[in-house]
Amino acid sequence: QDLSLPNGTPVDTSSPASSSSLLNRLQLDDDLDGETRDLFVTVDDPKKHVCTMETYITYRVTTKTTRAEFDLPEYSVRRRYQDFDWLRNKLEESQPTHLIPPLPEKFVVKGVVDRFSEEFVETRRKALDKFLKRITDHPVLSFNEHFNVFLTAKDLNAYKKQGMALLSKMGESVKYVTGGYKLRSRPLEFAAIGEYLDTFSLKLGTIDRIAQRIIKEQLEYLVELREYGPVYSTWGGLEVELAEPLEGVSACIGNCCTALEELSEDMSEDFLPVLREYILYSESMKNVLKKRDQVQAEYEAKLEAVALKKEDRPKVPTDVEKCQDRVECFNADLKADMERWQNNKRQDFRQLLMGMADKNIQYYEKCLTAWESIIPLLQDKPETK
């Protein structure tokens, strides 16, 4: 009887694949550079649609590829947020052993009133673009049939309706039923991953809350500065001899306002989204880890059941071997995805922190230049005898 692993890979029960061999295969597949990539996807051109029942935004998804799985070298389709959500759900169902990248939150981010505002739509577009690029860069997920349909189908709703009947028949083949099994203990390497993810998400959550508070305080300070600067200009109208330096101070504060506004925008549009993505990413990884634990618990329970049966047959039942294959597959896929995630995280946070340092340097340099510009106005003023 033909068997298949949860990720769709056929299984040869006579020679079960080992965890290390699967891991090595995935790592080799992942050693792709920009020159050898054969699939490029971008998300752009958001458009607002106003209908009788709802108002929503669609995004253009453009695909360029040389893969044989695609009929054409280039595709352009329009997708809304719920289509991206459908894709992610399908990837979770059909590739349960892999880490699926997170989507940006569906609901409006705290502090943003208008989900159709230009700023919010652009922030979401960037997040959706990154979501698809992470799938595109994955050596397994990028070949998923649902991903292919998402990129190419003109009418995705028609496929969704057809797919529901198919999935109802094959759904049990991709879902794990725990059956009340309880894992005795995680292997040390996966226990370490779980502890790391708990600490990582906790630290990022703290940074996210503090960063939001800092941005809020910066915006409040910006309101005060905008009221503060014009006072000097009004004062200069009353003091003829002090008019020039007072106008200089007013202009200086205005320049500082502009610099602070740019800094706050950069924090909101570039810094916070990365924090939120990785908080959601850690939750996705925890879910995969829980699925792995469920399969191992099932495997342990089956082994115990076999041991308790007083049978002379030395051969291990096929369902136990299949369960063992699932555990090994989970272990290999999870470790490979964890390594890939760690590499991406290092690159993303290096770029993020360097960008934040650069933006802060620019902010203080602009403020310094603004304040230095009024020093000559004060120094060159002739003393009144």
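Guide: The crossing of helices α2 and α4 is right-handed.

Visitor: What makes the crossing of α2 and α4 right-handed?

Guide: A crossing is right-handed if the near helix is turned clockwise from the far one by less than a right angle, and left-handed if anticlockwise; that of α2 and α4 is right-handed. The model is a predicted one, in which local features need pLDDT of at least 70, side-chain atom pairs count only at pLDDT 80 or more, and totals for chains, interfaces and linings use all residues. Residues are numbered from 1 along each chain as its sequence is written, and side-chain values use heavy atoms, with hydrogens and water left out.

Visitor: Why is α2 called roughly antiparallel to α4?

Guide: The axes of α2 (residues 81–94) and α4 (residues 145–152) come within 9 Å and cross at roughly 165°. Axes are lines fitted to C-alpha atoms, for helices over the stretch in contact, and angles run from 0 to 180 degrees between N-to-C directions. Angles under 35 degrees count as roughly parallel, over 145 as roughly antiparallel, 65 to 115 as roughly perpendicular and the rest as oblique; therefore α2 is roughly antiparallel to α4.

Visitor: Which residues make the contact of α2 with α4?

Guide: On α2 they are Asp83, Phe84, Trp86, Leu87, Lys90 and Ser94, and on α4 His146, Phe147 and Phe150, where contact means heavy atoms within 4.5 Å. By class, five are nonpolar, two polar and two charged. Here Ala, Val, Leu, Ile, Met, Phe, Trp, Tyr, Cys and Pro count as nonpolar, Asp, Glu, Lys and Arg as charged, and the others, Gly among them, as polar.

Visitor: Why does Asp83 count as buried?

Guide: Buried means under 20% relative accessible area, exposed over 50%, and partly exposed in between (1.4 Å probe, protein chains only). Asp83 has 7% relative accessibility, and therefore counts as buried. Leaving aside residues up to four places away in sequence, Asp83 touches Phe150, Leu156 and Lys160.

Visitor: Is Thr234 buried or exposed?

Guide: Thr234, in helix α6, has a relative accessible area of 55% and is therefore exposed.

Visitor: What makes Phe84 and Phe150 an edge-to-face pair?

Guide: Rings of Phe, Tyr and Trp (its six-membered ring) pair if their centres lie within 6.5 Å; planes under 30 degrees apart count as stacked, over 60 as edge-to-face and the rest as tilted. For Phe84 and Phe150 the centres are 5.0 Å apart and the planes lie at 65°, hence an edge-to-face pair. The pair links helix α2 with helix α4, across 66 residues, and both Phe84 and Phe150 are buried.

Visitor: Why is the pair of Phe200 and Trp341 edge-to-face?

Guide: The ring centres of Phe200 and Trp341 are 5.5 Å apart and their planes are at 85°, so this pair is edge-to-face. Phe200 lies in helix α6 (residues 188–236) and Trp341 in helix α8, so the pair ties together parts 141 residues apart in sequence. Phe200 and Trp341 are buried, and ring pairs link both into a cluster with Tyr196, Tyr278, Tyr281 and Phe349.

Visitor: How do you know that α7 is roughly antiparallel to α8?

Guide: Helix α7 (residues 243–308) and helix α8 (residues 318–373) have axes that come within 10 Å and cross at roughly 170°, which means that α7 is roughly antiparallel to α8. Their contact has 33 nonpolar, six polar and 14 charged residues.

Visitor: How many helices and strands are there in the protein?

Guide: The protein has nine helices and five strands; these are DSSP runs (helices H or I, at least four residues; strands E, at least two), numbered from the N terminus.
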